Amino acid sequence: MKLHCEVEVISRHLPALGMRNRGKGVRAVLTFCQQTSRSRSRPQVGSEPIDLHSACLLISTMKDKRGTRYELKENIEQVFTKFVDEGKATVRLKEPPVDICLSKANSSSLKGFLSAMRLAHRGCDIETPLLTLTPVKTSDFEKFKTKMIITSKKDYPLNKNFPYSLEHLQTSYCGLVRVDMRVLCLKNLRKLDLSHNHIKKLPATIGDLIYLQELSLNDNHLESFSVALCQSTLQQSLRSLDLSKNKIKALPIQFCQLRGLTDLKLDDNELIRFPFKIGQLKNLHFLSASRNKLPFLPSEFKKLSLEYLDVFANTFEQPEVLPIIMLQTPLTLLESSARAVLDNRIPYGPHIIPFHLCQDLDTAKTCVCGRFCLNSYIQATTTMNLHSVAHTVVLVDNMGGTEAPIISYFCSLACYVNSSDMLK
Ligand SMILES: [Zn+2]
């Protein structure tokens with residue numbers, strides 16, 4: 001039984017000596033080994049004689065291929081497994097007084113390894129045959145590959161697994177029609193590039209890749225980006241998303257919950273609108289959505305603060321001269337209650353109210369006054385110079401313009417009148 005992971009062995013004496021650990025693990029291979037009399041000539045950890053029949057833990061690293069042995073029988077003080085599903089665990093030994101911190105392991109292998117370690121602690125036989133002490137080969141460390149780039153179908157691994165230690169994986173031009181489930185088990189992935197394939201749908205489990213920062217799906221057949229993904233751990237991790245050259249018509253309103261996004265590419269899709277609340281993407285610096293079918297930009301667009309903006313070749317409409325008035329007097333019960341829920345930020349969800357009402361609330365319009373409106377509003381269109389939200393602006397058309405139409409909503413006549421000066 002072998003475990004490939006990163007290991008850091010921390011002495012519990014360090015804090016007493018006023019020293020701190022480096023906080024960084026090194027690539028290692030962990031094995032169980034049987035103590036033999038021959039091995040007694042090697043330096044042993046701890047001063048007590050080692051039981052001939054007990055299993056030891058051997059930690060081998062690139063620098064120390066022969067490895068360092070730690071006795072296990074009745075020597076484990078505690079095993080910390082809170083983050084075992086993330087491939088992390090800490091084993092606290094009695095003698096020597098060290099904490100062995102394991103990270104970046106395959107979580108199921110880690111669980112198996114920890115169970116075997118507990119058995120060894122109790123002095124039980126570990127079912128797998130114990131290895132005699134043989135130095136770990138360099139090839140064992142090659143499995144700690146962190147980067148793999150595949151750019152043709154013939155190189156795609158069909159019979160063997162991807163190294164679980166991968167942090168950067170690119171599989172382009174492989175003719176993939178769906179995301180390979182084996183890729184979704186690579187919990188250390190930070191960068192995943194699936195560009196130039198034929199993927200139609202994304203599994204929600206991409207959201208379980210808790211470290212994923214960059215996701216490229218450029219040139220696929222995607223028609224949507226699911227709500228589940230917008231509400232996954234990607235909210236914390238995702239920085240860069242490339243969805244260009246797909247067939248996406250609209251992004252869900254929850255898309256704006258991906259607050260960590262700094263780079264977003266949506267070029268060459270079929271987008272008919274941006275999510276209303278796009279102004280919530282406060283970290284966004286790079287936004288491109290050229291060659292889509294956007295008739296207007298939402299008024300929330302004004303809240304963005306970008307480095308680079310490209311909305312070239314969209315089907316922008318000329319602003320209407322007259323506003324569209326959809327005001328209800330008096331407000332319907334639905335409108336009044338929807339406004340009350342949203343203005344008071346009362347939590348709602350499909351477990352409390354019907355799903356269609358949730359959708360209505362999700363797509364409610366925001367007035368310039370900050371209040372919300374559902375079906376009773378005044379709609380007005382104006383133009384905005386895109387330089388007011390971005391340093392670098394790609395021209396919106398071949399005529400050299402940098403102005404784009406903006407659609408605004410007003411909850412009442414008073415709000416419209418008050419801001420009509422601004423509209424001019
Ligand atoms: Zn208002």
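Is Cys369 buried, partly exposed or exposed? Cys369 counts as partly exposed, at 37% relative accessibility; buried means under 20% relative accessible area, exposed over 50%, and partly exposed in between (1.4 Å probe, protein chains only). Before the close-ups, note that this is a predicted model, where local features need pLDDT of at least 70, side-chain atom pairs count only at pLDDT 80 or more, and totals for chains, interfaces and linings use all residues. Residues are numbered from 1 along each chain as its sequence is written, and side-chain values use heavy atoms, with hydrogens and water left out.

**View A. Four cysteines hold the zinc ion.** The ligands are Cys367 (SG), Cys369 (SG), Cys411 (SG) and Cys415 (SG), at 2.2 to 2.3 Å. Donors here are N, O and S atoms within 2.8 Å of the metal (3.2 Å for Na, K and Ca), and water is not among the atoms, so sites may look incomplete. Angles among the four donor atoms run from 102 to 114°, and the site is tetrahedral (for four donors, all angles lie between 85 and 135 degrees). For reference, the ideal angle for four tetrahedral donors is 109.5 degrees. Along the sequence, the donor spacing reads C-x1-C-x41-C-x3-C. Cys367 is buried, at 4% relative accessible area.

**View B. Gly370 sits in a loop between two strands.** Those are strand 18 (365–366) and strand 19 (372–373); strands are DSSP runs (E, at least two residues), as helices are (H or I, at least four), numbered from the N terminus. Gly370 is partly exposed, with 43% relative accessibility. Asp343 is 27 residues away from Gly370 in sequence, and the two are 8.6 Å apart in space, C-alpha to C-alpha.

View C. In helix 6 (residues 355–362), Cys358, Leu361 and Asp362 are buried.

View D. Strand 1 (residues 2–11) and strand 2 (residues 26–34) share six bridges in the antiparallel sense. Val7 has Val26 of strand 2 as its bridge partner.

Key:
Two strands pair if DSSP finds at least two bridges between them. Four donors count as tetrahedral if all angles lie between 85 and 135 degrees; four count as square planar and six as octahedral if opposite donors are over 155 degrees apart and all others between 65 and 115; anything else is irregular.
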